[in-house]
Amino acid sequence: PEIALHKVTDNAGNGFLLLNGPEPSLQWERMASAIEDVINRFNVDRTLTVVTGEGIALRFGDEDERALRRGVPFAFSGDAAATSRLLAGPIVDLNVMTRRGALAHRVRRIEGAERLRAPTPLAFVVCAAGACVLTAPTGRLALGLYDVADVSGETVEIAPAPGALVLVVEIVMAQGESAAF
């Protein structure tokens, strides 16, 4: 397995970085430090969503520890100093990052069948656990574990299977300090 950093361009021609692959079990501190350097250099906003495992606890400076549990997106500034610990064993997480001032993002969980109408110019449906079916005017698509579908600019019906964890990730151009969500 490998971890790869890709420079990706969306349909509007905007560039962003996409990091994908399994979290390393060896030299984790070294990997985390390298990612932190990139985040700090580019003023990154993050949303972390635990998709398997009990969860992770984050502490920002002197604040109380915050436990992140499965399926609950948590947004925070990537340049905020933080420490973390696993609550009970390993986790898999979805970590969405965008460069503050250039792009903004939102991650939300789909609780049941939902119609997503004309999502933002850059939008993805992530099947983080279980399965779901997407239905669009162009056809149907079944998603399984860790599948991702680009639904940018589409109207799509999302039908999660019982117990599935389905997330929608939307990315937009930033407008000053706030996003156009």
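# Close-up views of a predicted model

View 1. At 5% relative accessibility, E170 counts as buried, where buried means under 20% relative accessible area, exposed over 50% and partly exposed in between, with a 1.4 Å probe and protein chains only. This is a predicted model, in which local features need pLDDT of at least 70 and side-chain atom pairs count only at pLDDT 80 or more, while totals for chains, interfaces and linings use all residues. Residues are numbered from 1 along each chain as its sequence is written, and side-chain values use heavy atoms, with hydrogens and water left out. E170 is found in strand β16; strands (E, at least two residues) and helices (H or I, at least four) are DSSP runs, numbered from the N terminus. The side chains of E170 and R106 meet in a salt bridge of 2.6 Å, N to O. The term salt bridge stands for a side-chain nitrogen of Lys or Arg within 4 Å of a carboxyl oxygen of Asp or Glu. This pair links distant parts of the chain, with E170 in strand β16 (residues 165-175) and R106 in strand β9, 64 residues apart. R106 is partly exposed, with a relative accessible area of 32%. The side chains of E170 and R106 also make a polar contact of 2.6 Å. A polar contact is a pair of N or O atoms within 3.5 Å; within protein, one must be able to donate a hydrogen and the other to accept it, and residues adjacent in sequence count only if both atoms are side-chain atoms.

**View 2. The salt bridge of D45 and R100.** The count of salt bridges comes to 8. In one of them, D45 pairs with R100, and the closest N and O atoms are 2.9 Å apart. D45 lies in strand β3 and R100 in the loop between β8 and β9 (103-110), so the pair ties together parts that are 55 residues apart in sequence. D45 is partly exposed, with a relative accessible area of 23%, and R100 is partly exposed at 27%. Salt bridges that share partners join D45, D79 and R100 into one network.

**View 3. The salt bridge of R59 and E65.** R59 forms a salt bridge with E65, in which the closest N and O atoms are 3.9 Å apart. R59 counts as partly exposed at 33% relative accessibility, and E65 is partly exposed, with a relative accessible area of 34%.

**View 4. R46, a buried residue without a salt bridge.** R46 belongs to strand β3 (residues 44-52). R46 is buried yet has no salt bridge. The nearest side chain of opposite charge is that of D93, 6.4 Å away; Lys and Arg count as positive and Asp and Glu as negative, while His and the chain ends are not counted. A polar contact of 3.4 Å joins the side chains of R46 and N95.

View 5. A pair of aromatic rings is described by the distance of the centres and the angle of the planes. Rings of Phe, Tyr and Trp (its six-membered ring) pair if their centres lie within 6.5 Å; planes under 30 degrees apart count as stacked, over 60 as edge-to-face and the rest as tilted. By this rule the count comes to 3 aromatic pairs. One of them, F60 with F74, is tilted, at 6.1 Å centre to centre and 40° between the planes. F60 lies in strand β4 (residues 56-60) and F74 in strand β6 (residues 74-77), so the pair ties together parts that are 14 residues apart in sequence. F60 is buried, with a relative accessible area of 13%, and F74 counts as buried at 12%. F60 and F76 form a tilted pair, at 5.3 Å centre to centre and 55° between the planes. F60 lies in strand β4 and F76 in strand β6, so this pair ties together parts that are 16 residues apart in sequence. Ring pairs link F60, F74 and F76 into a cluster.

**View 6. L68 in strand β5.** L68 lies in strand β5 (residues 66-68) and counts as buried, at 4% relative accessibility. L68 and L86 are 18 residues apart in sequence and 9.6 Å apart in space, C-alpha to C-alpha.
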